[in-house]
Amino acid sequence: MYDKLWLRYAGGCIEKNMRRVVLSCGKRTNVLNAAIAELKAVFPANAIIIETAERENAPEGQGFSIRNRDGVFTISSQTGAGVLYGVFAFLRLLHIGKIDENFVEFADSPKILWRILNHWDNLDGSIERGYAGKSLWKWDELPKIDQRYLDYARLAASVGVNGSVLNNVNANSVFLTREYLEKAAALANVFRDYNIQVFLSANFAAPINLGGLSTADPLDDAVRSWWREKAAEIYALIPDFGGFVVKADSEGQPGPYVYGRTHADGANVLADALSPYGGIVVWRAFVYGHGETDRAKKAYVDFKSLDRGFRDNAVVQVKNGPIDFQPREPVHPLFGVMEATSLFMEFQIAQEYLGQGNHIVFLAPMWKEIFQFGIRLPKEEISTKQSLDSVGKVLEGKKLSGIAGVSNTGDNEDWCGSLFHSANLFAFGRLSWDWTLDSTDIAKEWAVLTWGKDPIVIDAVVKILTHSWTACVDYMTPLGLNHIMRYEHHYGPDPGCDHGQRADWKPPYYHRADADGLGFDRTRKGSDAVDQYASPLAELFNNIETCPEKYLLWFHHVPWDHVLGSGRTLKDELVFRYRRGVEEAEQLRTWWKQVEGRVPPDRYQAVLDKFDIQVADAREWETVCVAYFMSFTK
Ligand code: GCW
């Protein structure tokens, strides 16, 4: 049987002084019923009261409030969705000990409209960059329903997720056939009760592949009507269908370029088809390999000029960094310049480049670094503010705001790759609901819900989580290095790798090591990627003395004898960081060893096995990278 993850509520529940729980909602809906079911799993039915009269001042939309009056707890919202999120928040707070007799009130609502899991799941049940087994969706059996679909929906909704893209962005057109739409509709029927809308990745050439047309040109009338008819067919089956996600003109996927059209032309034809039903098109900005000299610059160059060219129900989904889900990247410059276009953030929960299902790396601190990154000049003409607007604020201000996470789920018993990897799924939900949350607080919540209240266990789990990302950056890609993983699968180090189909997939393209130094020159003397950022960021990055060391080799080709903040030369600092990374990985394992005997032995051992791999891998990273980079310094 598969794990319940944080819905194990391992912390136990204090019911003292809790006489009644009142759920107050404008009207009785299926989503409200789901909320009631969650509550009933914890409380006796006679302690739960449902009130469907309109309550004055009940929070609107997806917001909710929880109030305590003499042991009667009222969770209210105008909508079933709000009550559902309120119930999950209530149960979370209760189990982590934040609701007791002194509790008065807590109100919350999401800062971001769309919080979406992107599944890169294929027709054959495999998952691209999936490390937790096969797809949760059993396409062969659907529309037959599996209990696990419901538990997926519960887990997702419990952290605020409200959208699920069922299939890989490298999209097979078959997903848009009637047969598969019926399967998707069956999943949508389950998810709907948890306020989760289903999306599909669409292949841009579907009008050719399925419709038998000779073109997929977005300005062709037959193509436009093909998409309109397809949308009508989908909405007849899935009335709350969220929309399409599209990867176009990227890594071999079809797109508008071949017809001499732009990404906006491409997105708009789908947007127009979806708009009568309230659907949206999410168009990905992950493009490169069309003649540029610096891959990191490409998406900005192609999309910036299209700002104002997209329909209102079209969104551009941008990865957090300009390259590709590396252990650490500066933020993607598009977040600073697209003024009129709605932007979704795309994170990858799946750890493709961060040790996959084997390394325990808590991503919340990384996502926080991105959200807090000052990227855009403040709007006010004469601003007294010194600082740039953060990415979180930019996202929040969009007409359609959204955060997408490439899911790490699969059909393994542990869902996500290890008993710790679910911390990232949890954190994704929590931060996409409210990006201002503190990553250590999220770690604590997950620790108690998943591992119980023993203070020694909590202390160890939280230390592991909060130190793991910096450890990973140190032992894999310190000082702004990136994309030096093995070419075939992105696991393990291979900085010297010189085979593979494309120049911009080979590690030397990214690190540029030579006798003079190390790093990609993106300054004004190099590719000038620095000028894709607003001033004063551009100047800050451009100057080797002011560029933050965490991005040093991202923006500069640095001489081996250049002296860093520590007083060490680049050469020595690199050696130092790789060593420190190994020691940090060992420290994570040592912390885990402190919980032996305090958590069930099988769970203890399963995690320890992962740490053994992580430590061995960190040592390999050190050995391989130090030997390779040092060979240039002789
Ligand atoms: O991270 C890279 C992956 C590809 C992926 C691509 C993308 C789905 O290596 O597997 O394809 O990005 O985001 O489209």
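Is Phe 286 buried or exposed? Phe 286 is buried, with a relative accessible area of 9%. That value, like every other here, is computed from a predicted model.

## Phe 286 and its neighbours

Phe 286 has an aromatic partner, Tyr 288. The two ring centres are 5.4 Å apart and the planes meet at 65 degrees, so the pair is edge-to-face.

The charged end of Lys 319 sits over it, 3.2 Å from the ring centre.

## Aromatic pairs across the structure

How many aromatic pairs does a search of the whole structure find? The search finds 45. One of them joins Trp 227 and Phe 244. Their rings stand edge-to-face, 5.6 Å centre to centre, with 65 degrees between the planes. Trp 227 belongs to helix α6, residues 221-237, while Phe 244 belongs to strand β9, residues 243-246. The partners are 17 residues apart in sequence, so their contact ties a helix to a strand. Trp 227 is buried, at 0% relative accessibility. Phe 244 is buried as well, also at 0%.

Both residues are members of one aromatic cluster.

Elsewhere, another ring meets a charged residue. Arg 148 lies over the face of Trp 415, 4.1 Å from the ring centre.

## The ligand and its shell

Which residues come nearest to the ligand? Of the 14 residues around it, Glu 128, Lys 247, Arg 284, Lys 319 and Glu 352 do. Lys 319 is the residue whose charged end sits over the ring of Phe 286. The shell around the ligand divides into eight charged, three polar and three nonpolar residues.

Several side chains place polar atoms by the ligand's oxygen atoms. For Arg 284, an N or O atom of the side chain is 2.6 Å from a ligand oxygen. For Arg 129, the corresponding distance is 2.8 Å. For Asn 170, a polar side-chain atom lies 3.3 Å from an oxygen atom of the ligand. How much of the ligand does the protein cover? On its own, the ligand has 340 Å² of accessible area, and the protein covers 98% of that.

## Backbone features in the loops

Two cis peptide bonds can be picked out here. One joins Leu 142 and Pro 143, with omega at about 5 degrees. Pro 143 is in the loop between β6 (114-118) and α3 (147-158). Another joins Ser 535 and Pro 536, again with omega at about 5 degrees. Pro 536 is in the loop between β16 (517-518) and α16 (537-542).

Arg 308 has a phi of about 80 degrees. Its place is the loop between α8 (298-304) and β11 (314-319). Gln 351 has a phi of about 60 degrees. Gln 351 is found in the loop between β12 (342-348) and α10 (364-372).

Gln 351 is buried, with a relative accessible area of 1%.

## Two further residues

Asn 118 lies in strand β6. Asn 118 is buried, with 2% relative accessible area. Its side chain makes a polar contact with the side chain of Gln 317, at 3.1 Å.

Asp 514 sits in the loop between α15 (507-511) and β16. At 28% relative accessibility, Asp 514 counts as partly exposed. Where does Asp 514 stand relative to Glu 179? Their C-alpha atoms are separated by 55 Å, and the two residues are 335 apart along the chain.

Note on methods: Residues are numbered from 1 along each chain as its sequence is written. This is a predicted model: local features need pLDDT of at least 70, side-chain atom pairs count only at pLDDT 80 or more; totals for chains, interfaces and linings use all residues. Side-chain values use heavy atoms; hydrogens and water are left out. Rings of Phe, Tyr and Trp (its six-membered ring) pair if their centres lie within 6.5 Å; planes under 30 degrees apart count as stacked, over 60 as edge-to-face and the rest as tilted. Helices (H or I, at least four residues) and strands (E, at least two) are DSSP runs, numbered from the N terminus. Buried means under 20% relative accessible area, exposed over 50%, partly exposed in between (1.4 Å probe, protein chains only). A charge sits over a ring if NZ of Lys or CZ of Arg is within 6 Å of the ring centre and within 35 degrees of the ring normal. A residue is near a molecule or strand if one of its heavy atoms lies within 4 Å of it. A polar contact is a pair of N or O atoms within 3.5 Å; within protein, one must be able to donate a hydrogen and the other to accept it, and residues adjacent in sequence count only if both atoms are side-chain atoms. Accessible areas come from the Shrake-Rupley method with a 1.4 Å probe; for residues, only the protein chains shown count as cover. Ala, Val, Leu, Ile, Met, Phe, Trp, Tyr, Cys and Pro count as nonpolar, Asp, Glu, Lys and Arg as charged, and the others, Gly among them, as polar.
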